[in-house]
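Here is a briefing on one protein chain.

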Amino acid sequence: MKSLCIKTDNELIHQFMDGDMASLETLILRHKDKLYTSILFLVKDKYLAEDIFQDVLIKIIDTLRIGRYTEEGKFLPWAMRIAHNLCVDHFRKVKRTPAIKTSDDRDIFEVLNFTEDGADVKMMKRQSHDRVRKMLDLLPEDQREVIILRHYAELSFKEIAALTNCSINTALGRMRYGLINLRKMMTEKNIAL
């Protein structure tokens, strides 16, 4: 019998649907880094990304349990679509929620500090990773989204086009302009990675 690690996503899904929980764990471990990183780059908040990631897992598990998964052989793009949709839902909800302002017109959540930095926050991050993240944040959202989905989630341009509801040519154009803008920022700020 094949080890779970060398089974395809489809085989793991069918085994989970037959009651094998270890198959689901293997499937999630295989793709968790790509899913989480993509969510984090979209929402730019570690704790929010963790919450959305958990919601993605719940939605995946529920869909698999009731037998509604039909994306044969395309688990990661399907999971990425769920993650993307939950991020969009979050931003829609935030947009509808009125901001509470202090007397000096600052958002109350910017003033209050509810969390204490943990050991993981205090660990040093690679400088080049931070520079890339900061530059990505400066890009227009459509360009940033395509770069994240392509380089961090490793989706094809066809999958990106389907996920973002645009043509493949539009996705390619957004990638091209995003990379041009990143190069321009690196030149202007004299940044070497």
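M175 is buried, at 6% relative accessible area; buried means under 20%, exposed over 50% and partly exposed in between, with a 1.4 Å probe and protein chains only. M175 sits in helix α10. Helices (H or I, at least four residues) and strands (E, at least two) are DSSP runs, numbered from the N terminus.

The model is predicted: local features need pLDDT of at least 70, side-chain atom pairs count only at pLDDT 80 or more, and totals for chains, interfaces and linings use all residues. Residues are numbered from 1 along each chain as its sequence is written, and side-chain values use heavy atoms, with hydrogens and water left out.

**Around M175**

- Leaving aside neighbours within four places in sequence, M175 is in contact with V146, I147, R150, H151 and F157. Contact means heavy atoms within 4.5 Å.

**Helices α8 and α10**

- Two packed helices are described by the angle between their axes and the distance between the axes.
- The axes of α8 (residues 141-151) and α10 (residues 168-188) come within 8 Å and cross at roughly 100°. Axes are lines fitted to C-alpha atoms, for helices over the stretch in contact, and angles run from 0 to 180 degrees between N-to-C directions.
- The two helices, α8 and α10, are therefore roughly perpendicular to each other. The classes are: under 35 degrees roughly parallel, over 145 roughly antiparallel, 65 to 115 roughly perpendicular, the rest oblique.
- On the α8 side, the contact is made by D142, Q143, V146, I147, R150 and H151. On the α10 side, the residues include A171, R174, M175, Y177 and G178.

**Around L42**

- L42 lies in helix α2. L42 counts as buried, at 13% relative accessibility.
- Apart from neighbours within four places in sequence, L42 is in contact with H84, C87, F91, E145 and I148.
- L42 and H84 are 42 residues apart along the chain, and their C-alpha atoms are separated by 8.3 Å.

**Aromatic rings**

- The structure holds 5 aromatic pairs. Rings of Phe, Tyr and Trp (its six-membered ring) pair if their centres lie within 6.5 Å; planes under 30 degrees apart count as stacked, over 60 as edge-to-face and the rest as tilted.
- One of the pairs is Y36 and F53: the centres are 6.2 Å apart and the planes stand at 90°, so the pair is edge-to-face.
- Y36 lies in α2 (residues 21-43) and F53 in α3 (residues 46-65), so this pair ties together parts 17 residues apart in sequence. F53 counts as buried, at 10% relative accessibility.
- Y69 and F75 form a tilted pair, 6.4 Å centre to centre with 55° between the planes.
- Y69 is buried at 7% relative accessibility, and F75 is buried at 2%.
- Y69, F75 and W78 form one aromatic cluster.

**Charge over a ring**

- R176 lies over the face of Y177, at 5.3 Å from the ring centre. The criterion is NZ of Lys or CZ of Arg within 6 Å of the ring centre and within 35 degrees of the ring normal.

**Whole chain**

- The chain has 10 helices and 0 strands.
- Buried residues make up 34% of its 193 residues.
- Of contacts between residues at least 6 apart in sequence, 55% join residues at least 24 apart.
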